[in-house]
Amino acid sequence: MQSFLNQLVYFGYFQSLFLLFIYVFSPKKRKSINRYIAFLVLVLAIGLSGRILYISGFFGDNYRWVIFSEFATLLFGATIYLFTRSSLLNKPFSYKELLHYVPALVYNIFVTVAFILPSDAVLQERLESGEQFRFTLFFIAIGLLFNISYWVLSFRVFLKFRKDIQNELSYTVKSQFFMNFLIAVGICMLCWFSMFIYWLLGYQFLDKSAWQIIWISIALIILFITFYNIKEPQLFRVNELVTPKKYAQSKLSNQQLDSLKSRLEHLMEERKPYLNRKLLKSELAEMLGVSNPEIARLLNERIGMNFFEYVNYYRIKEFIVLAKTDQAKNMTFFGLAQEAGFNSKTTFNKAFKDLMGTTPKEYFSNL
């Protein structure tokens, strides 16, 4: 097992150097890499170098090199949070954000004082008395507290983004990537927490290799995200799609809202803007001659749907009409759904079942 973990350390180390090389010497690629992730890769490279020196035995069998790599522990959560927020909520880099790293700085100072500066004799004495184990549990608890807190904040950002896009877009965007990323990090956090509980209860079957697996897993996830950031940069620019235009707040009266509702229904029936597979709420508002907040208030107070649901309601109606024509005999259900304005088979199937209570196949079979 240890030999395999060592191979992963070497892989992660050289992968981090490769990614840093691209960031430094490729201005074109640098633009697509999130700065927070680039910073974390640099920290990982420094931390992994400590493990490399320990594994190689170049400076002797000194476990302080492994402790040196723990400097990245409190940087994981904060950077994942800042990366998620900047990618999904269009938050540009700001020096104020560096305050999120202050706890990591304080943590690393204490780690240095507790584990690196003391002499071998002092560390051995602590180990025999059990004090070293208590120190270790304390620092693991601090790392858990901060990283899990930032993971929760990151997940809340993602859920807010998912809610916002349904109020601005009539189609789905590739946000599943961020969901999978956060789930993978969450699993690592859960394993980290489980290991802490087992150690706290005095179980000995989880040795140091268990912590190494978790640490290396998080490092490899970060490196994978960075690599994918270079390969598929459009996955990290979804915030540009959901940034609404700035308008004055809606001041429409109830009578005006009722009139606006009739105008919107007439517009949807006559001009069929929902056939545009990438219709935006701002575009529909412009066609209606109102602002974004006004159409949002209309959908919320008079129709009871968000923008995504409302547009797909009309697309389902259009799909049912098309499915009853002669043209439908030579087309698949999804082909007809595309004609009705859908750009995703998954979205179409879910929207149809939510509205009609059954699948398209079952619906037409019953007819």
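Colleague: Is Asp354 buried or exposed?
Modeller: Asp354 counts as exposed, because its relative accessibility is 56%. Buried means under 20% relative accessible area, exposed over 50%, and partly exposed in between (1.4 Å probe, protein chains only).

Colleague: What should I know about the model itself?
Modeller: This is a predicted model, where local features need pLDDT of at least 70, side-chain atom pairs count only at pLDDT 80 or more, and totals for chains, interfaces and linings use all residues. Residues are numbered from 1 along each chain as its sequence is written, and side-chain values use heavy atoms, leaving out hydrogens and water.

Colleague: Thanks! Which side chain does Asp354 meet in a salt bridge?
Modeller: Lys350, at 3.0 Å from N to O. A salt bridge here is a side-chain nitrogen of Lys or Arg within 4 Å of a carboxyl oxygen of Asp or Glu.

Colleague: And where do Asp354 and Lys350 lie?
Modeller: Both are in helix α16 (residues 345-356), four residues apart, about one turn of the helix. Helices are DSSP runs (H or I, at least four residues), numbered from the N terminus.

Colleague: How many salt bridges are there by that rule?
Modeller: The count comes to seven. One of them pairs Arg302 with Asp258, the closest N and O atoms being 2.7 Å apart. That pair links distant parts of the chain, with Arg302 in helix α13 (residues 292-303) and Asp258 in helix α11 (residues 254-270), 44 residues apart.

Colleague: Is Arg302 buried or partly exposed?
Modeller: Arg302 counts as partly exposed, at 24% relative accessibility. Asp258 is also partly exposed, at 41%.

Methods:
Helix = DSSP H or I, 4+ residues; strand = E, 2+ residues; numbered from the N terminus.
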